[in-house]
Amino acid sequence: DRLVGASADGEDQAVEAALRPKSLSEFVGQERVREQLDLVLRAALARGATSDHVLLSGAPGLGKTTLAMIVAAEMGAPIRITSGPAIQHAGDLAAILSSLQEGEVLFLDEIHRMSRPAEEMLYMAMEDFRVDVIVGKGPGATAIPLELPPFTLVGATTRAGLLPPPLRDRFGFTGHMEFYASGELERVLHRSAQLLDVEIDAEGAAEIAGRSRGTPRIANRLLRRVRDYAQVKGDGFVNREVAAAALGVYEVDERGLDRLDRAVLHALLKLFSGGPVGLSTLAVAVGEERETVEEVAEPFLVREGLLARTPRGRVATPAAWAHLGLTAPRHAPG
Ligand code: ADP
């Protein structure tokens, strides 16, 4: 697993429960989503009703699960957590839905990966709080209607565009989560440091934030590695120097690039003079699978404006030359 990967690993899962903000006011950043959600929840509370269904879209590690738990906490309701890939058959979904308590929040992560029949069952459940359970097979099969208690669905997806419009339309509120600014990640880090009993100063937090790829999950993970380093090599205190040295050991650079990211850029610049070069050729040059380069390394390099995907191949931007401390050849493409 990569230290700068955005998905949760086993260690993250163990620690994240302790680091999750418990209320909207504790949740850092995402001002717009927070403000809108606050209105939706307060209005529901004032009406004494369950909240509208909520769709959260955004990259992994930006706080979708955390917000779902906050929705439940703010509504004073229990929460059930499951995910699209875990629901293979419509029957799996029927079992979950029929066991919900009134007002319960159902968090469905990766909702775009649910099976088609389950998705269709969900339409009716969301709209009418009712499902048809099919009993039997073939011509003798009958649909038994089942009333559900009112509940709030919180769906999460990496991109709202991945959802079929009929599903998307059944959410009363959609929040788009953005990558976090450095200052926001610093606030996340100070908060986590306090909970983990780590002493850190402003510059130490800034140093880690700058390497965290706009993602709180990565910030929290880097903080734990820096804490280890500070305990073993120093007196436990995290300042800029300690943070930089620790993350240097793990080969995460000032901009959050790791070894793979830099290998891709390095090959592109040194072997292909900045491109354009085809993906397969680039992958061979770094000794990785095509998919690894395309899906693991490139998205962040593109987001950072270091690499561009063009019809003629991959091209380095001037920022890429600057980042690796190299000088572009005189007629460098890009
Ligand atoms: P997602 O469900 O989008 O993958 P999570 O909600 O699991 O992300 O968040 C990952 C980690 O980052 C959790 O430990 C959480 O505490 C932390 N985190 C995410 N967003 C915030 C935030 N806005 N403020 C503080 N911590 C956050």
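How are helix 11 and helix 12 oriented to each other, roughly parallel or roughly perpendicular?

I noted that the model is predicted, with local features needing pLDDT of at least 70, side-chain atom pairs counting only at pLDDT 80 or more, and totals for chains, interfaces and linings using all residues. Residues are numbered from 1 along each chain as its sequence is written.

Helices. I looked up helix 11 (residues 259-270) and helix 12 (residues 279-286), which pack at an angle of about 115 degrees with axes 9 Å apart. Helices here are DSSP runs of H or I, at least four residues, and strands are runs of E, at least two, both numbered from the N terminus. Axes are lines fitted to C-alpha atoms, for helices over the stretch in contact, and angles run from 0 to 180 degrees between N-to-C directions. Helix 11 and helix 12 are therefore roughly perpendicular (65 to 115 degrees; under 35 is roughly parallel, over 145 roughly antiparallel, the rest oblique).

I then listed the contact (C-beta atoms, placed from the backbone, within 7 Å): A263, V264, A267 and L268 of helix 11 meet L282, A285 and V286 of helix 12.

I found an open sheet of five strands in the order 2-3-6-1-7, with parallel pairing (a pair needs at least two DSSP bridges). Strand 2 (79-83) and strand 7 (173-176) are at the edges with a single partner strand each, so one side of each has no neighbour in the sheet. The twist averages 15 degrees from one strand to the next.

I checked strand 2 against strand 3 (residues 105-109): the two run parallel and are joined by five bridges. T82 is opposite L108 in strand 3.

How values were computed
Contact = placed C-beta atoms within 7 Å.
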